[in-house]
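The structure is shown first.

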Amino acid sequence: MFSILSPFFLTLRNFSNIASNMAYIGIMAAAQTPLLIGGAMDLSMGASAQLAGVLTGILYAAGWNIWLAALFALGIGVIVGFGNALSVTRVGINPFIATLGMLNIIEGLALVLTGGLTVSILVPEFQFLGMGSFLGIPFPIILMMAFFLFFFILLAYTPFGRSVYAVGGNPTASKLCGINNAKVLTVLFVFGGFAGSMSGILVASMLGAAAPAALSGTILTVIAAVILGGTSLSGGSGNVWGTLLGVLILGTLTNGLVILNVSSFWQEVVQGIVLLGAVGIDQLRQRRR
């Protein structure tokens, strides 16, 4: 329909732009997929991304080397993921509540650190991450595909991947089989924190600045993409390539609406409808089992 209404939609350049612009969503969705398969969820990924961008900008402004600042931000993301894991596996808090609480903490910290202001990061070599290309392929796409390939191999070809499906499918049975459920979830949450921070650094590179509220609400898009790609909210089933398809579907939908000059308010309405539709389809699929 979009290709009929606009001659610019069905072009290679436009599809390349869609993939590049959705790369930060794709990175978070790739890491969110095994978490949902394992029966958990990380709502704090988007906030981790915000904090990573802010930390990178603030530390660079304070005189740090830009790559050292980015590496520090990635380390904080790993700590956030580990904190989520402790709340869920040791304290016993529901993953939804634990990561929702972490989301509020981190978003608040990002605003406190910046006073709500945008921090400029105009460093050419750093901006290569978000604006550069290799062999004609935009670097954000290469980075996103690296994450998808990593999680595909992890889930499909390693004993750990089989443990993820077992934990999500039936936690009690997986314990009886000798699988350490807490260890599996801890690793997945740490991957989630790392992926969230990587997305924030990528967005900061693309914008040339760290805006504390730039990624607010993106976690809903991430979860919508994962569910749209066929991963069950109940855990135990799904794959990363389905998630990639979900990311591209949402990106194509948003791009088409932008080309047709549909207001951002209506875009949010459409995205909400897609999310509800995806969850509804997942529930119907669960009932048929």
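A residue counts as buried under 20% relative accessible area, as exposed over 50%, and as partly exposed in between (1.4 Å probe, protein chains only). The model is predicted: local features need pLDDT of at least 70, side-chain atom pairs count only at pLDDT 80 or more, and totals for chains, interfaces and linings use all residues. Numbering starts from 1 along each chain as its sequence is written, and side-chain values use heavy atoms, without hydrogens and water.

**Aromatic pairs**

Rings of Phe, Tyr and Trp (its six-membered ring) pair if their centres lie within 6.5 Å; planes over 60 degrees apart count as edge-to-face, under 30 as stacked and the rest as tilted. The count by this rule is 10 aromatic pairs. Trp64 and Phe72 form one that is edge-to-face, at 5.5 Å centre to centre with 70° between the planes. The accessibility of both partners is tabulated below.

| Residue | Relative accessible area | Class |
|---|---|---|
| Trp64 | 33% | partly exposed |
| Phe72 | 36% | partly exposed |

Elsewhere, ring pairs link Phe148, Phe152, Tyr157 and Trp241 into a cluster.

**Cavity**

A cavity is a set of points, on a 1 Å grid over the protein atoms alone, where a 1.4 Å probe fits but cannot get out; lining residues have an atom within 4 Å of a point. Volume is the space filled by probe spheres set on the points, which are joined across faces, edges and corners. The whole structure contains 1 cavity of 30 Å³ or more, and the largest cavity holds about 70 Å³ of space. Its lining comprises 13 residues, of which Gly53, Gly200, Val203, Ala211 and Leu215 are the closest to its centre.

Notes: 1 Å grid on protein atoms, 1.4 Å probe; cavity = no way out; pocket = protein on both sides within 12 Å on 5 of 7 lines; lining within 4 Å.
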